[in-house]
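Some labels in a structure deserve a second look.

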Amino acid sequence: MKIFDRYFLRQVVLIHLGSLLVIGSIFTLVTLGVTCQQNIPLIVALKALPLTAPQTLSVTMPLASVVAVFLAYGSMRENREFMALKALGTPVWRVFVPGWIYFFIMSLLCVWFNNLEISWAREQIQRVFIAEFKNTILSQLRAVKSFSTPDDSYIIDVSDVTESGILLNPVFTAKKEGVTGVAETANIEVDASGKEPIVYLSLYKLEASSDEGMAVFPESVNFPIPLSGFIKSSRVDPSLSQVGDALAQLERDRETYHQKLATGSIFAFLSGNLLSTVDERWRRRSREEWYFDKRQSVYELVPPRVWASGFACFFMPWVCAPLTTYTPRKGNYILIMFFGLLCTVPLYYTLYEIALSNAKSGALPPCSIWLANIVFGLAGSYLLTRVKYFT
């Protein structure tokens, strides 16, 4: 069977790689188009495009595996190779073994791509967008000596910008905060480590005025500008190896928060100032508790999400392979392929999304994300028992 195994494996691998190239190219072009529709310059989108490779591969590899199974095994069925193998006394399921081994390896690779995408790739893409946005601000200030946000809530005017990016005599207006300031010099700094990307305007020798009065700051002062109107931030989750540390740190943060509340309540009772227990800090306690619970749920879902979605590259071919042995009449395996794509792929991801949404809400445990894989595994096992009747 070694000759047959190499033949079957070659058929599957070549078609899978070809399908991956075609589907991946289409997905990449769609991603580029969607990115440009978000008012992101084409040159910036092209710089970030290589960083989307992990996401592209993690999405397209399962789809390409389904196409490869239907085309490779469907053509074998069309050429009556299954019947020839049965005549030689070889069970038809034996044909699928090389492909299943290959797709199992591809699933492990897909898991790695998923892990890379949620941890490293998202953060790097965000950094590219923010760095380019900083350059956009500097370019506009050099050209017209002024910059404003789309809603004109934040305006910067300068007399000039040096080659090193230092703003001379900047005047800024923050309408939402009701603050206006004049500084001697300023720098634009970026920070992508928070929940939302932030640009800091670092002002030196600032004279600021507001409704509450005026203030002079002889040292450098950082004034943050949220970029939610320009850049949609992506949540960066911990990688598989960092989930344990992230959960431990979250628990320490929760404990520290509870200790601060307990200390404040004890001091309030001892001092007789019970009104301090209903201040803003206590009123936002429910939001803080919700945030801790939300982050814990997200971290706990990382391992099953990464592994379950990665093994879609195995369980979808597991079901599709037996289906290819059934073709009602000659020339119909192409129709069977499209029918299989329209049935298996939407069904798999529908089950996956149902389990994921229920796991996020706490209705189901995190391991329930494997629901689609379990259903497809059982369905494929049943279809394997029917292969002899199909052929």
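Q: Why is cysteine 313 called buried?
A: In this predicted model, cysteine 313 has a relative accessible area of 0%. Buried means under 20%, so cysteine 313 is buried.

Q: How many disulfides does a search of the whole structure find?
A: The search finds zero. As background, a disulfide is a covalent bond between the sulfur atoms of two cysteines.

Q: Is cysteine 320 buried or exposed?
A: Cysteine 320 has 0% relative accessibility, so it counts as buried.

Q: What makes the pair of tyrosine 348 and tyrosine 349 edge-to-face?
A: The structure holds 17 aromatic pairs. In this one, the ring centres are 5.1 Å apart and the planes stand at 85°. Pairing needs centres within 6.5 Å, and edge-to-face needs planes over 60 degrees apart. Tyrosine 348 and tyrosine 349 therefore form an edge-to-face pair.

Q: Why do tyrosine 348 and tyrosine 349 get their accessibility labels?
A: Tyrosine 348 is at 0% relative accessibility, so it counts as buried. Tyrosine 349 is at 28%.

Q: Which residues do ring pairs link into a cluster?
A: Among them are Tyr73, Phe96, Trp100, Phe104 and Trp307. Phe311, Phe314, Phe315, Trp318 and Trp370 also belong to this cluster.

Q: Which residues have the most contacts inside the largest nonpolar core?
A: They are Tyr73, Val95, Phe96 and Phe103, in a core of 52 residues. Helix H5 gives the largest share of this core, 10 residues. Leaving aside neighbours within four places in sequence, valine 95 is in contact with Phe8, Tyr73, Met76, Phe82 and Leu85. Another core lies apart, with 23 residues, including Phe147 and Leu206.

Q: What makes S1 and S10 the edge strands of the open sheet?
A: The order of the six strands is S1-S2-S5-S6-S9-S10, with antiparallel pairing. Strand S1 (146–148) and strand S10 (213–217) each pair on one side only. On average, neighbouring strands of this sheet are turned by 10° against each other, direction ignored. Helix H5 (residues 93–144) packs on the sheet and touches S1 and S2. The direction of H5 makes about 135° with that of S1.

Q: How do you know that strands S2 and S5 pair?
A: Pairing needs at least two bridges. Four bridges join S2 (residues 154–157) to S5 (residues 171–174), so these antiparallel strands pair. Isoleucine 156 has phenylalanine 172 as its bridge partner, and isoleucine 155 has threonine 173.

Q: What joins S5 to strand S6?
A: Four bridges join S5 to S6 (residues 179–182), and the two run antiparallel. Threonine 173 stands opposite threonine 180 in S6. Four residues lie between the strands of this hairpin, where glycine 178 takes a positive phi near 70°.

Q: Which residues make up the covered and uncovered faces of S5?
A: Phe172 and Ala174 form the covered face, and Val171 and Thr173 the uncovered one. In a regular strand the side chains alternate between the two faces of the sheet.

Notes
Residues numbered from 1 in each chain as written. Predicted model: local features only at pLDDT ≥ 70, side-chain atom pairs only at ≥ 80, totals over all residues. Heavy atoms only, no water. Phe/Tyr/Trp six-rings, centres within 6.5 Å; stacked < 30°, edge-to-face > 60°. Buried < 20%, exposed > 50% of the residue type's maximum accessible area, 1.4 Å probe, protein only. Axes fitted to C-alpha atoms, helices over the stretch in contact; angles between N-to-C directions. Contact = heavy atoms within 4.5 Å. Disulfide = S-S within 2.5 Å. Core = buried A, V, L, I, M, F, W, Y, C linked by side-chain atoms within 4.5 Å.
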